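Subject: Structure for you to look at

Hello,

Here is the structure I said I would pass on. Please open it beside this email and follow along.

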Amino acid sequence: MTQLIDISVALKTGIASDPPGLLPSIEYFSHTETVDDVLAFFPGATPDDLPDREGWAIERVSMTTHSGTHLDAPYHYASTMDGGIRAIRIDEVPLDWCFQPGVKLDLRHLPDGSVATPSDLQEALNRIGHTLSPLEIVLVNTRAGARYGEPDFVESGCGVGHDATLFLLEQGVRVTGTDGWSWDAPFSYTARRYAETGDGSLIWEGHKAGREIGYCHIEKLGNLEALPATGFKVACFPVKVHAASAGWTRAVAILDD
């Protein structure tokens, strides 16, 4: 029997899901509030002409393409990828990248703000006895997943560094994912490291690996603790937003007995 596990978070208004200025907003309109809107399409009609005198339920949403669980396209990270070619946008991402066997790496032991290295990823693979294959979707389970919606969510969990990202991409991985706000370490920690070193290469280093090898990643995943390490597929097809840097996805893990 096939088991479907939802690994997306709910898009909500009024919770700490993003930094200030990037928070989504949802305005809800009930069946009673939209009666006049419905009747405007049908001259002469009255509320008594509608079943139970109800209109439709509808929502008005203000958000970015990076709100909620979403898939980033290589264009989000830079204008070029693969060493210089034009970076693809979300409506150009190959669909076969988005439906592949999944691998979960447990990095919850790494402190908030730390940057995972190739050794960290190799150790996580060794713990589950797995060797990566091309196009497998690698999901990293960080401490951030348990903090979604809480005030410290954006500052929680580890990131994946430039070299660790390339470690995955050089083995043929083209989609990665995290339950954190970003594939990279929380910005406040990177800002401190930059202030100490003046090294600009530390800024958004995991994302920027896409300049060398184009890839996508899913951010703000949820419920990764419910997944086994291997033995499942991931479906993460993005909404086809024309020429955009990202698209929302209802990411789902599919397990077959």
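Below is what was found, starting with the whole chain and then going through single elements and residues.

This is a predicted model, in which local features need pLDDT of at least 70 and side-chain atom pairs count only at pLDDT 80 or more, while totals for chains, interfaces and linings use all residues. Residues are numbered from 1 along each chain as its sequence is written, and side-chain values use heavy atoms, with hydrogens and water left out.

The whole chain

The chain has six helices and 15 strands. Both are DSSP runs numbered from the N terminus: helices are H or I with at least four residues, and strands are E with at least two. Along the principal axes, the C-alpha atoms fill a box of roughly 70 × 50 × 35 Å.

Of the 257 residues, 47% are buried. Buried means under 20% relative accessible area, exposed means over 50%, and partly exposed is in between (1.4 Å probe, protein chains only). The accessible surface of the chain is about 12400 Å², and 54% of that belongs to carbon and sulfur atoms; such areas come from the Shrake-Rupley method with a 1.4 Å probe, and for residues only the protein chains shown count as cover.

Contact means heavy atoms within 4.5 Å. Among contacts between residues at least 6 apart in sequence, 76% join residues at least 24 apart.

The chain is divided into domain 1 (25–62) and domain 2 (70–255), with bounds that come from an automatic or database domain assignment. The centres of the two domains, taken over C-alpha atoms, are separated by 41 Å.

Helix α3 covers residues 118–128, and its buried residues are Asp120, Leu121, Ala124 and Leu125. These sit on the same side of α3, because they cover an arc of only 135° around the axis. The arc is that of the directions from the helix axis to the C-beta atoms. The buried residues of α3 pack against β7 (99–106), β8 (115–116), β10 (159–160) and α4 (162–169). After α3 comes glycine 129, which has a positive phi near 65°.

Helix α4 is largely enclosed by the rest of the structure, because six of its eight residues are buried. Those residues are Ala164, Thr165, Leu166, Phe167, Leu168 and Leu169. The partners they pack against are β8, α3, β9 (137–141), β10, β11 and α6.

Single residues

Threonine 176 belongs to strand β11 (residues 175–178). Threonine 176 counts as buried because its relative accessibility is 0%. Beyond its neighbours within four places in sequence, threonine 176 is in contact with Val138, Leu168, Trp183, Tyr215, Cys216, His217 and Ile218.

Glycine 206 is in helix α6 (residues 205–208), and is buried, with a relative accessible area of 0%. Not counting residues up to four places away in sequence, glycine 206 touches several residues, including Thr165, Trp183 and Tyr215. Serine 182 is 24 residues from glycine 206 along the chain, and their C-alpha atoms are separated by 9.5 Å.

Proline 134 lies in the loop between α3 and β9. Is proline 134 buried or exposed? Proline 134 counts as exposed, because its relative accessibility is 60%. Leaving aside neighbours within four places in sequence, proline 134 is in contact with Gln171 and Gly172. Proline 134 and arginine 174 are 40 residues apart in sequence and 7.9 Å apart in space, C-alpha to C-alpha.

Glycine 247 is found in strand β14 (residues 246–248) and counts as buried at 0% relative accessibility. Its C-alpha atom is separated by 9.2 Å from that of threonine 64, which is 183 residues away along the chain. Apart from neighbours within four places in sequence, the contacts of glycine 247 include Thr65, His70 and Ile90.

Two residues with positive phi

Most residues other than glycine have a negative phi. Lysine 220, which is not a glycine, has a positive phi of about 60°. Lysine 220 is in the loop between β12 (216–219) and β13 (232–235), and is buried, with a relative accessible area of 0%. Alanine 243 also has a positive phi, near 55°. Alanine 243 lies in the loop between β13 and β14 and counts as partly exposed at 27% relative accessibility.

Regards
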